[in-house]
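Colleague: I am new to reading structures and would like to go through one feature by feature. Could we begin with how helices pack?

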Amino acid sequence: MRAHADEVTPSPEDRQAPRAPVTAPAWAAPALASVLARVAVTRAEVGDRFPLYADPDTGTWRTTARGSWTGGFWAGLLWLRARSTGDDADRAAARACTARLADWAETDTAARGLIFWYGTAFADDDLGLRERAARACLDAFDPELGLVPWGSAFGGPPLTARVDGVPGMVPLLATVDPEAARSHLRRHAELCLGAWPPRWSWRHDPGTGWTACTDPSPGWSRGPAWLLLALAEAAHLTDGDEFSVHAAALRAPHLVPAADAAHPDGPRDTSAAAITALALLGLGHRDRALTVLEALVEGHLTGDGRLLDGCYDLTAGTAVRQELIWGDFFLAYALAVLTGLTAVNPVR
């Protein structure tokens with residue numbers, strides 16, 4: 001299958017309701033095994049630090065000490081490996097990594113959804129961090145704004161609504177207050193999709209209300225992927241189809257989209273495709289998810305388990321064609337669902 005596929009029209013079958021599990025395609029288990037083998041190599045390289053992105057030629061990781069907004073993806077990968085191998089050493093490594101996320105629980109950022117939901121989703125011992133983080137996020141919920149603001153931890157105006165503060169946050173909040181989770185998603189969907197083209201970040205001023213931010217750009221491919229994933233995570237929260245109307249508008253026309261639609265000949269972002277594939281599985285669009293995943297496995301996954309061609313930040317020129325830790329995570333997560341290693345929503 002081509003790495004850069006042309007537009008694909010969804011089939012009628014692709015729009016059906018979720019179906020019973022079927023046999024995984026032949027390429028799924030070997031692909032998952034290679035990604036999880038890469039986790040062991042990465043663990044040996046980074047030690048107690050957190051991998052962020054890796055050089056596509058050497059595979060060497062750029063790391064952070066505290067994990068930043070991506071720390072939960074590394075913990076999640078370690079837990080997936082432990083679940084796959086059943087090895088006590090793998091479980092100990094996953095548990096130790098999860099413990100190192102503790103300082104983020106009360107940190108003022110909506111990225112706690114990314115950190116603590118995905119960092120504990122596969123854990124058999126979350127050290128109490130999931131509930132602790134969920135209650136701290138609920139404390140940060142602003143009832144007048146109807147959401148948990150982006151916060152001050154990463155700079156910029158704290159009263160900001162960013163689309164990457166929605167996935168993970170919705171299911172995390174739902175463990176302590178389902179209505180707050182619904183409100184958080186509802187407000188972000190209204191803001192992001194209420195403009196044309198969609199805008200993925202909004203700043204609130206008490207005097208003037210919400211104003212769209214220029215960064216990320218409207219063509220940012222992870223924007224619709226993040227929101228689509230949040231819709232999938234909220235599927236069990238809704239009475240009826242409150243959010244289903246948004247799903248069709250968020251599905252990328254390309255299997256592996258450009259990092260920014262304004263630069264269609266520029267770098268792709270395989271992480272956006274992997275996020276989208278998991279979301280599609282959660283929404284019951286298995287056929288389309290399989291097509292996306294096959295494109296990733298055949299066109300962008302190396303034999304030693306590295307998902308290449310991820311784009312961290314095209315505007316800043318940061319890691320525009322690298323292996324990204326969240327790209328690896330969401331690919332592994334989707335493959336784990338296909339092979340029966342985990343469910344789409346492993347914790348509730």
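Modeller: Helix 4 and helix 5 are roughly antiparallel to each other, because the angle between them is about 160° and angles over 145 degrees count as roughly antiparallel. Keep in mind that this is a predicted model.

Colleague: How far apart are the axes of helix 4 and helix 5, and which hand does their crossing have?

Modeller: The axes of helix 4 (residues 112-120) and helix 5 (residues 129-140) are 10 Å apart. The crossing is left-handed. On the helix 4 side, the contact is made by Arg112, Phe116, Trp117 and Thr120. Helix 5 brings Leu129, Arg130, Ala133, Ala136, Cys137 and Ala140. Sorted by class, this contact has seven nonpolar residues, one polar and two charged.

Colleague: What is the angle between helix 2 and helix 3?

Modeller: Read the angle and the distance together. Helix 2 (residues 71-85) and helix 3 (residues 88-99) cross at roughly 160°, and their axes come within 8 Å. That angle makes helix 2 roughly antiparallel to helix 3. Their crossing is left-handed.

Colleague: Which residues of helix 2 and helix 3 make the contact?

Modeller: From helix 2 they are Trp74, Ala75, Leu78, Trp79, Arg81, Ala82 and Thr85. From helix 3 they are Asp90, Arg91, Ala93, Ala94, Arg95, Cys97 and Thr98. By class, eight are nonpolar, two polar and four charged.

Colleague: Now the pockets. How much space lies in the largest pocket, and which residues lie nearest its centre?

Modeller: The largest pocket holds about 600 Å³ of space. Its lining has 28 residues, and those nearest the centre are Arg162, Asp164, Asp215, Pro216 and Asp313. Strand 3 (160-162), strand 4 (201-205) and helix 8 (222-233) are the elements that give two or more residues to this lining. The lining divides into twelve nonpolar, eight polar and eight charged residues.

Colleague: What is the lining of the second largest pocket like, by class?

Modeller: There the lining has 18 nonpolar residues, four polar and two charged. The space in the second largest pocket is about 470 Å³. Gly219, Pro224, Ala252, Pro253 and Ala261 are the closest to its centre, out of 24 lining residues. Helix 8 and helix 9 (247-250) each supply at least two residues of this lining.

Colleague: How many cavities of 30 Å³ or more does the structure hold?

Modeller: A pocket is open, whereas a probe placed in a cavity cannot get out. The structure holds three cavities of 30 Å³ or more. The largest cavity has a volume of about 50 Å³. Its lining consists of Leu229, Ala232, Glu233, Leu278, Tyr333, Val344 and Asn345. Helix 8 gives the largest share of that lining, three residues. Five of the lining residues are nonpolar, one is polar and one is charged.

Colleague: Last, a single residue. Where is Arg62 found, and which residues does Arg62 touch?

Modeller: Start with the element, then list the contacts. Arg62 is found in strand 2 (residues 61-64). Leaving out residues up to four places away in sequence, Arg62 touches Phe50, Pro51, Leu52 and Tyr53. Arg62 and Gly151 are 89 residues apart along the chain, and their C-alpha atoms are separated by 25 Å.

Terms used. Residues are numbered from 1 along each chain as its sequence is written. This is a predicted model: local features need pLDDT of at least 70, side-chain atom pairs count only at pLDDT 80 or more; totals for chains, interfaces and linings use all residues. Side-chain values use heavy atoms; hydrogens and water are left out. On a 1 Å grid over the protein atoms alone, a cavity is a set of points where a 1.4 Å probe fits but cannot get out, and a pocket is an open set with protein on both sides within 12 Å along at least five of seven lines; lining residues have an atom within 4 Å of a point. Grid points are joined across faces, edges and corners, and a volume is the space filled by probe spheres set on the points. Helices (H or I, at least four residues) and strands (E, at least two) are DSSP runs, numbered from the N terminus. Ala, Val, Leu, Ile, Met, Phe, Trp, Tyr, Cys and Pro count as nonpolar, Asp, Glu, Lys and Arg as charged, and the others, Gly among them, as polar. Contact means heavy atoms within 4.5 Å. Axes are lines fitted to C-alpha atoms, for helices over the stretch in contact, and angles run from 0 to 180 degrees between N-to-C directions. Angles under 35 degrees count as roughly parallel, over 145 as roughly antiparallel, 65 to 115 as roughly perpendicular and the rest as oblique. A crossing is left-handed if the near helix is turned anticlockwise from the far one by less than a right angle, and right-handed if clockwise.
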